[in-house]
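I opened this notebook to keep track of what I looked up, one topic at a time.

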Amino acid sequence: MRRSAPPRAWQRMLSGRRLDLLDPSPLDIEITDIAHGLARVARWNGQTAGDFAYSVAQHSLLVERVFEVLNRDAGPEAFQIALLHDAPEYVIGDMISPFKATLGDDYKSVERRLQRAIHIRFSLPPTIDMKLKRAIKRADQVAAYFEATLLAGFASEEAERFFGQPRGVDPEYLPLDPMPARKAQAAFMERFDAIEVMRKA
């Protein structure tokens with residue numbers, strides 16, 4: 001009896017790369033694929049105000065901006081790590097936190113492997129030290145608070161319960177207007193390239 005072939009575990013990217021989701025190689029990761037994918041993945045399952053979905057690319061730019069405001073002494077490597085904090089979602093999509101919790105360790109292990117490969121590809125530490133991880137998480141929560149209240153219809157009290165109270169950040173200067181995918185993609189690439197220049201200086 002013929003055995004059935006194992007299920008396909010790779011995805012073909014527009015760059016032509018084939019990325020194995022279970023054993024991702026840094027050699028198969030391209031920043032253009034990341035920017036393209038993140039600009040087309042909607043935050044909040046698309047339940048945001050505006051003519052365009054608020055993408056993970058925009059969220060990544062927002063988190064990096066908030067991180068920079070709250071951590072003035074951080075360097076370009078930390079900025080790049082903050083910008084790429086949700087980079088695995090270019091492959092696995094953005095799932096809201098309640099659903100991620102139901103999937104448990106299987107989802108998290110795939111996410112961790114992808115994040116590690118992405119970091120190695122761009123000469124970043126494969127694992128992030130706890131202090132930096134906490135600082136990026138705080139920036140992520142501040143970003144989520146503003147997204148929730150200004151785009152996703154949350155009352156401030158409700159958002160504060162889930163994400164804490166944002167301090168030291170003025171939302172007026174944050175990229176919170178939903179952009180078309182191509183514009184978000186270009187903005188993400190522009191910021192990535194600018195940080196790369198700083199890292200090489």
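How many aromatic pairs does the count come to by the ring rule? I paired rings of Phe, Tyr and Trp (its six-membered ring) if their centres lie within 6.5 Å, calling planes under 30 degrees apart stacked, over 60 edge-to-face and the rest tilted, and the count comes to 7 aromatic pairs. The model is a predicted one, in which local features need pLDDT of at least 70 and side-chain atom pairs count only at pLDDT 80 or more, while totals for chains, interfaces and linings use all residues. Residues are numbered from 1 along each chain as its sequence is written, and side-chain values use heavy atoms, with hydrogens and water left out.

**Aromatic pairs**

I looked at Phe67 and Phe79, whose ring centres are 6.2 Å apart with planes at 80 degrees, so the pair is edge-to-face. This pair links distant parts of the chain, since Phe67 belongs to helix α2 (residues 56–70) and Phe79 to helix α3 (residues 76–83), 12 residues apart; helices (H or I, at least four residues) and strands (E, at least two) are DSSP runs numbered from the N terminus. Both Phe67 and Phe79 are buried, where buried means under 20% relative accessible area, exposed means over 50% and partly exposed lies in between (1.4 Å probe, protein chains only).

I then turned to Tyr145 and Phe146, whose ring centres are 5.5 Å apart and whose planes are at 80 degrees, so this pair is edge-to-face. Tyr145 is buried at a relative accessible area of 11%, and Phe146 is buried at 6%.

I noted one aromatic cluster formed by Trp44, Phe154, Phe162 and Phe163. The charged end of Arg161 sits over the ring of Phe162, 5.7 Å from the ring centre; the test asks for NZ of Lys or CZ of Arg within 6 Å of the ring centre and within 35 degrees of the ring normal.

**Nonpolar core**

Which residues have the most contacts inside the largest nonpolar core? I took a core to be a set of buried Ala, Val, Leu, Ile, Met, Phe, Trp, Tyr and Cys residues joined through side-chain atoms within 4.5 Å. The largest has 58 residues, and those with the most contacts inside it are Ile34, Phe67, Leu84, Tyr90, Phe122 and Phe188. Among the elements that give two or more residues to this core are α1 (31–38), α6 (105–121) and α9 (181–200), but its largest share, 10 residues, comes from α7.

For Tyr90 I listed the contacts (heavy atoms within 4.5 Å), not counting residues up to four places away in sequence, and found Met13, Leu19, Ile29, Asp33, Ile34, Gly37, Leu38 and Ile118. Of the 8 residues of α1, 6 are buried, so this helix is largely enclosed by the rest of the structure; the buried ones are Ile31, Asp33, Ile34, Ala35, Gly37 and Leu38.

**Overall build**

I counted 9 helices and 2 strands in the protein, and along the sequence they follow the pattern β-β-α-α-α-α-α-α-α-α-α. The radius of gyration is 17 Å, close to the 17 Å that the globule rule gives for 201 residues, so the protein is as compact as a globular protein of that length; the radius is taken over C-alpha atoms, and the rule is 2.2 Å times the number of residues to the power 0.38. Of the 201 residues, 45% count as buried. Among contacts between residues at least 6 apart in sequence, 67% join residues at least 24 apart.

**Loop residues and backbone**

Is Ser55 buried or exposed? Ser55, in the loop between α1 and α2, counts as buried at 3% relative accessibility. Leaving aside neighbours within four places in sequence, I found Ser55 in contact with Leu38, Ala39, Val41, Ala42, Arg43 and Ala184.

Most residues other than glycine have a negative phi. Trp44 lies in the loop between α1 and α2 and counts as buried at 16% relative accessibility. Ser123 also has a positive phi, near 55 degrees, in a residue other than glycine, but Ser123 lies in the loop between α6 and α7 and is exposed, with a relative accessible area of 57%.
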